[in-house]
Protein chains: 2
Amino acid sequence: MTTEERRRPDARPRAFEEVLARIEERITADGLTVGDRLPGERQLAEQLGVGRSSVREALRVLETLGVVASQAGRGPDAGAVLTSRPGNALTDLLRLHLGLATLSMREVIDTRLMIEQWAAARAAAAPPPAASTPAASTPAASAHTATARMAEAIAAMDAAGDPAEFVEHDIAFHLALAEAAGNRLITAVMRALRDALRRYAVDAVVRLGDTGGLQDDHRRIHRAIEDGDAGAAAAAVAEHLARAYPESGRDS
Amino acid sequence: MTTEERRRPDARPRAFEEVLARIEERITADGLTVGDRLPGERQLAEQLGVGRSSVREALRVLETLGVVASQAGRGPDAGAVLTSRPGNALTDLLRLHLGLATLSMREVIDTRLMIEQWAAARAAAAPPPAASTPAASTPAASAHTATARMAEAIAAMDAAGDPAEFVEHDIAFHLALAEAAGNRLITAVMRALRDALRRYAVDAVVRLGDTGGLQDDHRRIHRAIEDGDAGAAAAAVAEHLARAYPESGRDS
DNA sequence: GACCAAATATGGTCAGACCATACATCCTGG
DNA sequence: CCAGGATGTATGGTCTGACCATATTTGGTC
């Protein structure tokens, strides 16, 4: 009975939390968006009546959450700039909690299965609306629709020389699949899941030996999406994941 | 072309990043787990050859990710203790990126739909294995299986006096639904989604006026899960979410 | 033995200093 | 007038040292 509700439910907020709240307030109130700059650390400290270290801790939190990125030096790009990188936070979150055994590999794999089935069905049901993703997600993909990148990834996997290389393109394939659904939140989660499973995936490929079956699955998924057959797409994904992760990860 | 790849891809790591790596290394290497204590900030600083402020920034990051919790004072519970609260990080992540317009409400709602359909089907397919959740998720739920809590939430919604109260129990219902699937990662994501949508949900209830339809849905979902009918459970969830969020959230 | 006061360990915060970096500015030479 | 380098300066990154707040531990006192 010693450790019972040991949080800080009340407790007056710490200085950096106040800074955090004020910065967030400023973001929503002033309508700040990606690319805008925050005041310098010293200036912010003075404005909010706190020490610079408290400001720094708040900025560190925001950086962890993928909301700001700091750059030293001078000029338009220096200082704390608002960004939008939720992916790193999710990746760190998964890695650390997997390390702490808070999450099991099985749970991560099941989550991935859920996302991919959903994304495949969704991508098949809704054809790419002209310019793929509306907002800034992957600025590099202009003429590249997600399905086209899936096809490229399949070809690259055919040409891959070793398991590690195969997995890299496999990651690209499944990421493109998630992006095809056009949901940035799910894309970010998918990216984090794949990062967490990267090593695991290499082992799986090595264990299988032959990647022919996997490639057959990939082609079937791709075709089902292009044909607009949501049911077939989801089924193909389920088969594929079952082949890649056959009941493994029964730990915990 | 001014802002092109402005990250810090190389750049020698900052001190707090080194601290972060060493702490994570220690966690995995020494097999530290929830409840274990880290050395004090001063001691850690000396061990790693950095200033205390760098240690503090690293701890702030870990706290943001829900891996440690710090407590002042003295005694067994003081200091930085390893915890496991991935939920807060996800909630903050969603809230901030919604504020930055990196994510749209529609994307969040669609993600929620995906999770609930999956969870309902999963919960229906796999009956509760005796003691619901194995690890520490909601320590209060000992004799309470997830489905039992769903029934309780339905009753509480019937008795609710105002929309805010109704939504609170609605949240409990949907959280129990997610927990019924027995995946802690998905439960954590679901909790974050609901927190992000809380205000939105109240508006939706007020707009609907009558909560009878929602309650019918809730009962149908609950019954389908108890009957083990995965298809009916998923369909009921889809209908329910369509009723609650009818094409709204078309922003961005 | 019970109770209260002092010591102490811990995180929280601040102030100031210095370094590294990278753009801005100015000065010089052609 | 322009090109190029030297200097200036604003920014984040880091350390040191100090002090405060809190909560346990310790020890003294009745």
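A polar contact here is a pair of N or O atoms within 3.5 Å; within protein, one must be able to donate a hydrogen and the other to accept it, and residues adjacent in sequence count only if both atoms are side-chain atoms. This is a predicted model, in which local features need pLDDT of at least 70 and side-chain atom pairs count only at pLDDT 80 or more, while totals for chains, interfaces and linings use all residues. Residues are numbered from 1 along each chain as its sequence is written, chains are lettered from A in the order in which they are written, and side-chain values use heavy atoms, with hydrogens and water left out.

**View 1. Polar contacts and salt bridges join chain A and chain B.** Here you can look for 20 residue pairs in polar contact across the interface, both residues at pLDDT 80 or more. There are also 12 salt bridges between the two chains (a side-chain nitrogen of Lys or Arg within 4 Å of a carboxyl oxygen of Asp or Glu). One of them pairs A:R14 with B:E63, whose closest N and O atoms are 2.3 Å apart.

**View 2. A:R52 meets a base of DNA strand D.**

**View 3. Backbone atoms of chain B meet phosphates of DNA strand D.** At B:A15, a backbone N or O atom lies 2.2 Å from a phosphate oxygen. For B:G51, the corresponding distance from a backbone N or O atom to a phosphate oxygen is 2.8 Å.
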